Amino acid sequence: MSIPARLNEVLNELPAIQARPAGARRVRVDVAPQGLPALLELLKGRLGFIHLSAISCVDWIEDGQFELVYHVWSHEMKLLVSCHVRIAREPGVYVSVHDIHEPAGFFERDIHEMFGVHFDGAPSMEKFILTSWEGPPPMRKDFNTRKHVEETFEWVDYRPDWLKDIERKGGGIES
Amino acid sequence: MSDIAPKYKGSMLRPLKALSFLFREPATLPMRPRPAAKVYRGFHLNDWEKCVGCATCQQICDNDAIRMVHIPALPSDPAKGIRPRRPAIDYGRCCWCALCVDICPTGSLSMSREYIHVSRDVDSYFILPDEEGMHGVRYPQGWAKDENADLLDLKRQEMPEEPPQERADNFSEICEGYDPQTAMLEASRCIQCGMCHDACPAHMHAPEYIRAIFEGDFEKSVAEIYRTNPFPQVCGRVCTHRCETACSIGKRGEPVAIRWLKRAAVDNVPQDRTIAIALKDKAKTKTGKRVAIAGAGPAGLTAAFDLAKLGHEVTVYEEKPRPGGMMRYGIPEYRLPYERIDADIAVIEAAGVKIRCNTKLGRDVTMAQLKGQADAVLLSTGLNKGRSTRIPGSDHPQVRAAVDLLARITLGEAFDIPASAVVIGGGNVAFDIARSLARLQRRAFGKVEVTVLALEERDKMLADEEEVIESAQEGVKLINGRGPKQVVIEGDALKGLETVKCLSIFDEQGRFHPRYDETDVMFHPAQMVIEAIGQMSDVSFLGEDLTEQLEWSRGRIRIDEAGRTSVPWLWAAGDLVKGPDVISAIATGHAAAASIHAALMGETEAREAK
Amino acid sequence: MTDKPLKSHVRPPQDTMPGGAGQGCPAPDAQTRSIWRRIMDDFADHCRARSLFVLHYCTGCGAIELPPTITSRFDMERVGITPMVTPRQADILLITGYLSLKTLKRVILSYEQMQGPKYVLGFGSCTINGGMYWNSYATMKRLDQYIPTDLFIAGCMPRPEAVQQVLLKLIEDIDAGRANAWQDYYRNYDFYLGNQQRLFGAGWNTPTDVIGEARHYGYYGPGTEGEHTRLLAEGGGSAARLAHAEYPSTALTGRIKS
Amino acid sequence: MTTPQVPDPATLAPSEEYDLYFGPNHPGIEGNYSVRVRLKGDVICQAVADGGYLHRGFEKIMEDRLWVQNIALVPRICVPDPVPMEESYARAVEMIGGLEVPLRAQWIRVLMLELSRICAHLFTFGGNAATIGLYTNMFWGVTMRDLFLDIFEEITGARIYHIYITPGGVRRDLPEGVLERIEALLVELEERMPQFEDLFFNNAVVIDRATGTGRMSAEEALAWGVTGPNLRATGVASDVRRDDPYLVYPQVDFDIVTETGGDALARMMVRKGEVVQAVKIVRQAIAALRKVGGPVRCELPNPLAWDLPAGDAYARTESSKGELGFYIVSNGGPRPYRVHVRGASSMHAVQVLEKLLVGSRIEDVAQIMFSLDACPPEVDR
């Protein structure tokens, strides 16, 4: 596993970039927030990374950061480059790359909805999935879904006959 | 709309093609449920005979769909790892993934091929599965345990050992212990069911300390161990490990090596850290109360440790030159190196316990003196005398007690090593003396001639399996199913032992009452006969007055659950009360300490109240 | 949406609750009806049980087993059951598993649009006690808290044969006059509405005049109105408007180039 | 009770345009999904997709469950085609943990993936035909698929949610005789294919309605991030199985089916070709499974005490809808720190659909959606 020379050449043109191979046909690139649009642009223009497979967001709450991962694929090079960016969790604002990769619109909208990250220049930051949701962005680590469920819903308190019978004899459900 | 291309117009008769389907077998099925596939995941089945109520299914359940139901009518046996409870399943949660089946340690859970339940009654969706299935109609079994599907690791990590040829003539420790990596791997096998906790006489927090080892936090593990056991070095090596007998993984595979894990925990934490951890909850203030403890065995020292941590002033009196009792003088060094006992005792001494060795009760100090010096006295003198078979010739000087010989070996006291010996008994003590003697013989004569004669058949041996296997590797012979008849003596010289075949050991009531076939006699030539059939206590030091004051029950001092005797200032613990084994001794030591503390502090509170 | 009433809902009295030992629920007024009315009702039930329309609404994952159930292989048309595209003409509402809160709103709207007698079937674990998604913030946990449910069926998901059985059981119950859970929605509307408000906020409202219908059908009971229905009058909102407001297209208009 | 506030039409400004809610309760919508369209006559001038009706918060609740427990959850993300979900999750975990899948298990997984592809495509045939009013096809497609579900049930113990693929392999070996039964079923399928052809692909109504409907060019498709059969229908020979191969796909002989039309018809033709290719792959898997023995799962630690090493991995799989991605992050704990699912339909069910609908007619909405094979549950997760 190594980074193809062509990719290395392109990556060397940009400052403050760390790259390492991460498995078969996978390269991990860590880049500073301000460098990402240029990186994507360069990858797309020079090496054919035209397919934005996904943008993933990870909430590193202890570091106070969101990690955004842009997975781009080149049909030419048969290579997936994952570009990792870390942005401050507060205020959680970043730039949209919708102008470089059109699919970014969907993922940015999704991340905005689930994590509350705002993307400047995105075509739409409206809710898509959680239109009935008033709580905090649910994918944030400080939102505890189990606690929320316990507070919002009630469970069935089963009282079947066999259980009543066992309880009469001194048994019952153990906690 | 554009015109249809001529190519697709087709013939006018084309619809007639449908006629060709007229005589086909219809795809439609009759309107009744089909039998499901052989591995179908339908409603649960549970074999109540096999199920032990370990609740592992509850732990693996994705959906919190399993509840354990306590059923008082079911048998309960903590020693065997059986709890009177069974899983109940909530079909308002279940997703039929069958992970519970794949993880079930006993293999009691499976899924049936039944899949229909229709009702308005929500209560009917909560069921207690048994072999009959959801509706009491025995549907065939569907998804069940399969060697590929099994999620548990049934093989334990191997313990590195010295090979027989290297260990057969010396007393260096056989088991080398797990390295941290292996210990973590072994700890990962644990399913945290807690059967070990229930089975342990001292109720050690085994699930917790195993979990800590798995997390790589050996110090936390040691802290968990010290909650209930101040002898981790000892118990990590020679414990009778009832926990492993009860272990759920052991129902189908090899139980988690709980004993070795305990050893790994203390082996991987430096002594000074262990002391710091063990004494973290030591009381800051002294109570001013004094406690005297007779006998520095595991029970006495455990009680001493507990009481010292609570702020009492504790003195332990010991007859032998070093503390440790049977742990030191009864267990051979190759199983339990002396420096390991010292390490545990160093922690106890660091708690402030004073140990006075070479002080024999009745000779150097009397009970009356103890009573005078202390607010409470604990007897933990143990079983220090070997029992005799009392067969003809057993009073010959070359008929020796195993405990006596083992103590001599520890003390370094010389005795004539016999070129050939037979050991009567099939327990761990019998093998301890046999293997010790084998080592001495190999050193002195270059060959081994020790025979162990056990009453029990091979598959019912009382001794640990590894003792039997390892002793055979070291050249000890084992003959099963023989009971001693008489010691053969010619003139003054002991020639050997005659045995008869044992037909049965217990009578119908389950009492020890062996029956022999007197015609099947065998002669075992030997220069020494060693009796290892059990120990008894020698309490002559109590003195006449005290002996009379105390209440007795079948030759043992009568005590309450916590170890208090009928004399208000006197408690008893250890092998005198229960056992004999180290972990039971520790358990009784804790109980006695708690009772003493309650009694002493109750007094103080009562006085303060005045 | 306004604040959610956090106070726990009030359960209806047990004797008017649908259910009991899985035998469906006989109509509470069975004894008070005239003989003539009873004969007519029985006859109507008998006929109606043989021609049922299922609302074509794939609410959750169990819907994947519906195409096999209604097509050739398991062919429910044999007993007169077939999909129907509009709620107004449908008799059966299948809740095929979990309901996200967003869908639950639509389900309630659809249910209220359906004309009585109407039947609700809950598919699988999710409708009974939360199922797989018990710890999900996005799904409801117990269907019968929000709309009255005639029958549940075990499974995750139930296979077509099981779906067949629940439909056959429903036919049997209708024929015997036991499938009357829908009346409970009128009799205990306050209970259901309270649970709905608990999830959707006090401003929750639907276009259907349930209380008026209850009076019309003669199912008005002591549980029809209560503290929750009082909020309806105060709030004055409408679900149509709510649905509109939460539709994610600010602006259909904004983006159109004239 | 208040009555809904409906404005009096007379008070509104005259307009030729009107809005229509298409779904979620609509027979022409695929699954529980909704599109709001603005119409001028019967021509759509704007469309806005509305999802979330099937949102269960998978990504959140997966963070709450053990690595092994999640295998029960993943197939539910996409109901019509669950196997690629199981495969992607398992493979991402394997990539992080460095697990080696035994050869036999790899072939079994290929077999399952392709059978699932056949099922999903048959289902879509049926659905797509129904949108043009051809119900016979729907009956046939669904019934044919059901016969494959019987095979799944025999292998895995469940018809839809197989929960069969686990990190490190599969949960159990194939039952005796199942390979023969699959072969027999493939023969039956092949006999049926010409009938599907007659009824659907050579049907003048279908050709007329589907030609040019929802057309996109190769450039558009690439720019919009379209993948899978929809991309191949525009002439781009892109397939994850070939470009970013996993399991034993490098050893498998199959063709990438492409069409050039880029419209609804081309998309259905690609799917038809893919069924044929899938049959070919299944045959190869069967031949391989007859030869390859050995275990079907690598050794796994106790699931209750399984801490995956810290790391991340992005696993891609070619599902029947397109490229499916699972991005998993482990922080070295017993549960995933983050799971991100890139549903295969997330592009063509939202942004692409919105674009394709513009200019098409209201009666084609359902057809366009089905021909794209949008799967709402994997968009909503």
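**Close-up views of a predicted model**

**Figure 1. Secondary structure and overall dimensions of chain A.** Chain A comprises five helices and eight strands. The model shown here and in the following views is predicted. Read from the N terminus, the elements of chain A follow the order α-β-β-α-β-β-β-β-α-β-α-α-β. Along the principal axes, the C-alpha atoms of chain A occupy a box of roughly 80 × 35 × 30 Å. The radius of gyration of chain A is 23 Å, whereas a compact globule of 175 residues would have a value near 16 Å. Of the 175 residues in chain A, 41% are buried. When contacts in chain A between residues at least 6 apart in sequence are considered, 52% of them link residues at least 24 apart.

**Figure 2. The contact between chain D and chain A.** In this view, 28 residues of chain A meet 30 residues of chain D. On the chain D side, at least two residues each are supplied by helix 1 (58-62), helix 8 (218-223), strand 6 (311-319), strand 7 (322-330), strand 8 (338-342) and helix 12 (347-357). Strand 7 of chain D makes the greatest contribution to this side, with four residues. Classified by residue type, the side of chain D that touches chain A contains 10 nonpolar, 10 polar and 10 charged residues.

**Figure 3. The domains of chain B and the contact between domain 3 and domain 4.** The domain assignment divides chain B into domain 1 (44-127), domain 2 (172-281), domain 3 (286-383 + 545-610) and domain 4 (386-533). A distance of 33 Å separates the C-alpha centres of domain 3 and domain 4 of chain B. Five residues from domain 3 and seven residues from domain 4 of chain B take part in the contact. On the domain 3 side, these comprise three nonpolar, one polar and one charged residues.

**Figure 4. An antiparallel sheet of chain B.** Three strands of chain B are arranged in the order 16-17-18 as an open sheet with antiparallel pairing. Strand 16 (482-490) and strand 18 (512-525) of chain B are the edge strands, each pairing on one side only. From one strand to the next, the twist averages 25°. In general, strands of a sheet pair through backbone hydrogen bonds, in either a parallel or an antiparallel manner.

**Figure 5. Detail of the pairing between strand 16 and strand 17 of chain B.** Strand 16 of chain B is joined by eight bridges to strand 17 (residues 493-506) of chain B, and the two run antiparallel. Within this pairing, B:Q486 is positioned opposite B:E498, a residue of strand 17 of chain B.

Methods: Residues are numbered from 1 along each chain as its sequence is written. Chains are lettered from A and ligands numbered from 1 in the order in which they are written. This is a predicted model: local features need pLDDT of at least 70, side-chain atom pairs count only at pLDDT 80 or more; totals for chains, interfaces and linings use all residues. Two strands pair if DSSP finds at least two bridges between them. Axes are lines fitted to C-alpha atoms, for helices over the stretch in contact, and angles run from 0 to 180 degrees between N-to-C directions. The radius of gyration is taken over C-alpha atoms; the globule rule is 2.2 Å times the number of residues to the power 0.38. A residue is buried if 20 or more other C-beta atoms lie within 10 Å of its own, exposed if 12 or fewer, and partly exposed in between; C-beta atoms are placed from the backbone. Two residues are in contact if their C-beta atoms, placed from the backbone, lie within 7 Å. Ala, Val, Leu, Ile, Met, Phe, Trp, Tyr, Cys and Pro count as nonpolar, Asp, Glu, Lys and Arg as charged, and the others, Gly among them, as polar. Domain bounds come from an automatic or database domain assignment.
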